[in-house]
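The structure is shown first.

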Amino acid sequence: MGSIVDASNKEVNGTASEKRPAVIFVLGGPGSGKGTQCAYIVEHFGYTHLSAGDLLRAEIKSGSENGTMIQNMIKEGKIVPSEVTIKLLQKAIQENGNDKFLIDGFPRNEENRAAFEKVTGIEPKFVLFFECPEEEMERRLLGRNQGREDDNIETIRKRFKVFLESSLPVIQYYEAKGKVRKIHAAKPIEDVFQEVKAVFSPEAEKVEA
């Protein structure tokens with residue numbers, strides 16, 4: 001599939017585009033509480049929250065051919081092609097007036113990461129990583145009862161496996177660059193947010209710099 005990446009190699013090496021938005025990747029296993037904490041960060045620090053999962057689900061609901069393909073892949077516990085998710089994220093960023101974004105649940109693997117940076121020319125300010133034991137994530141997912149068809153025990157365990165195999169290399173890549181901020185996510189929501197605030201308060205002042 002590498003057409004977008006191939007084409008972008010020429011573009012990225014060519015022009016330095018206008019001021020790029022500030023992006024923070026938000027990663028953590030399914031049920032680690034990323035979405036809840038992103039809502040708090042939006043409220044307190046003025047970021048726009050883009051959930052890769054929500055964008056993909058919205059595409060499924062649209063009934064498009066693209067949406068059907070995404071739905072089938074999610075049912076099988078597979079990862080959606082980078083090009084699909086990056087296009088949805090790019091569109092959301094371009095259509096929003098804000099210049100600082102939380103991207104939640106992406107990149108899910110090294111190929112996602114490399115493609116995002118090449119296609120958009122954006123490297124994240126840092127990665128917010130929610131660490132949470134698998135047992136706790138499983139308990140939360142089974143208990144939240146949102147009627148999502150990807151929340152059954154078999155699919156949940158597939159998602160854990162995919163996360164461990166695919167996303168941890170992304171975290172290790174950014175960790176080597178000093179760009180990972182780890183949050184202990186098994187605690188109560190308010191306690192987790194105190195930890196998040198400690199990460200964002202100094203960053204909030206640097207965004208304008």
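C38 counts as buried, because its relative accessibility is 0%; buried means under 20% relative accessible area, exposed over 50% and partly exposed in between, with a 1.4 Å probe and protein chains only.

| Residue | Relative accessible area | Class |
|---|---|---|
| C38 | 0% | buried |
| C132 | 14% | buried |

The structure holds zero disulfides, a disulfide being a pair of cysteine sulfur atoms within 2.5 Å.

This is a predicted model, in which local features need pLDDT of at least 70 and side-chain atom pairs count only at pLDDT 80 or more, while totals for chains, interfaces and linings use all residues. Residues are numbered from 1 along each chain as its sequence is written, and side-chain values use heavy atoms, without hydrogens and water.

A nonpolar core is a set of buried Ala, Val, Leu, Ile, Met, Phe, Trp, Tyr and Cys residues joined through side-chain atoms within 4.5 Å. The largest has 23 residues, and F25, I103, F106 and F116 touch the most other members. Apart from this core lies another, of 22 residues, among them C132, M137, A185 and F200. Contacts of F116 (heavy atoms within 4.5 Å) include F25, I86, L89, I103 and F106, leaving aside residues up to four places away in sequence.

Helix α4 spans residues 65-75, with G67, I70 and M73 buried; helices are DSSP runs of H or I, at least four residues, numbered from the N terminus. These three lie on the same side of α4 because they cover an arc of only 125° around the axis, taken from the directions from the helix axis to the C-beta atoms. The buried residues of α4 pack against α3 (52-61) and α5. Just after α4, G77 has a positive phi of about 75°.

Terms used. Helices (H or I, at least four residues) and strands (E, at least two) are DSSP runs, numbered from the N terminus.
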